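Please consult the sequence and coordinates shown here alongside the text.

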Amino acid sequence: MADPSRYTYESPLKGYENAPPLPDEKAADGKSYVNPQTGVLSKAYERFPDPLDNGRRGAFDIHVYYFQKNQKQKQFAYELWQRIRLEFPELRIYRFWEEPIGPHPIAMFEVNLFTPAQFGAFIPWLVINRGPLSALVHPNCVDPDTGEHEEEYRDHTQRATWLGNPIALDLNLFQGREEESAQRKKAAQEKKAAEEKQA
Ligand SMILES: [Zn+2]
């Protein structure tokens, strides 16, 4: 289970401190609000926001789970795996696991998403086409100091989203790595500070 109080959060209005006050005016439906139009779309339509990984790793993993002893689910999952390969050949998809692996307590397969357009197309598609299966949508966030994925625990908990019923993951693996990550981050920050001192 995620514990949101473990983390600190910037104000959602960071960068918008000097924006003009928002109007109270309602749209023609009398309920929704009229927003001042800027004519500029959020950059999030084109590129995943930091610290999401816009590189080769892919910003999001989708893990689709099935109960490996349930023949009906297994059959459905295998057909879904094939369908994704046929309909979304540009996505990266891995092995159809028939047993639990890593933090995943039941069998699953994994798909990686690289662009907001892929996310925008694939996730709504999966909402409708996932049948009886649950899917985990978790980000891969890059640490600005080390360039590595240092927050895998958080990426699989507080930053995770589920389609269908959530399934408890075995997070022990990530907790073991947190100490290593903290050390790597400290070393990178010290190196940066030393370089800044020299310059
Ligand atoms: Zn993953």
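## Sheet and helices

R92 has N112 in strand 3 as its bridge partner. Helices (H or I, at least four residues) and strands (E, at least two) are DSSP runs, numbered from the N terminus. This is a predicted model, in which local features need pLDDT of at least 70, side-chain atom pairs count only at pLDDT 80 or more, and totals for chains, interfaces and linings use all residues. Residues are numbered from 1 along each chain as its sequence is written.

The open sheet comprises 5 strands in the order 2-3-1-4-5, with antiparallel pairing. Strand 2 (92–93) and strand 5 are the edges; each has a single partner strand, so one side of each lacks a neighbour in the sheet. Two strands pair if DSSP finds at least two bridges between them.

| Strands | Sense | Bridges |
|---|---|---|
| strand 1 (residues 60–66) and strand 4 (residues 134–139) | antiparallel | 6 bridges |
| strand 4 and strand 5 (residues 161–163) | antiparallel | 3 bridges |
| strand 2 and strand 3 | antiparallel | 2 bridges |

Helix 1 (residues 71–87) lies across strand 1, strand 2 and strand 3, and runs at about 150° to strand 1. Helix 2 also packs on the sheet, touching strand 1, strand 3, strand 4 and strand 5, and its direction makes about 150° with that of strand 3. Axes are lines fitted to C-alpha atoms, for helices over the stretch in contact, and angles run from 0 to 180 degrees between N-to-C directions. Contact requires C-beta atoms, placed from the backbone, to lie within 7 Å.

Helix 2 (residues 116–129) has 14 residues and spans 20 Å from its first C-alpha to its last, close to the 20 Å expected at 1.5 Å a residue; the expected span is 1.5 Å times one less than the number of residues. Within helix 2, P116, F122 and L126 are buried. These buried residues fall within an arc of 130° seen down the axis of helix 2, so they line one face of the helix. The face turned away from the buried side carries the exposed residues A117, G120, P124 and I128. A residue is buried if 20 or more other C-beta atoms lie within 10 Å of its own, exposed if 12 or fewer, and partly exposed in between. G131, which follows helix 2, has a positive phi near 55°.

How values were computed
The arc is that of the directions from the helix axis to the C-beta atoms. Two residues are in contact if their C-beta atoms, placed from the backbone, lie within 7 Å.
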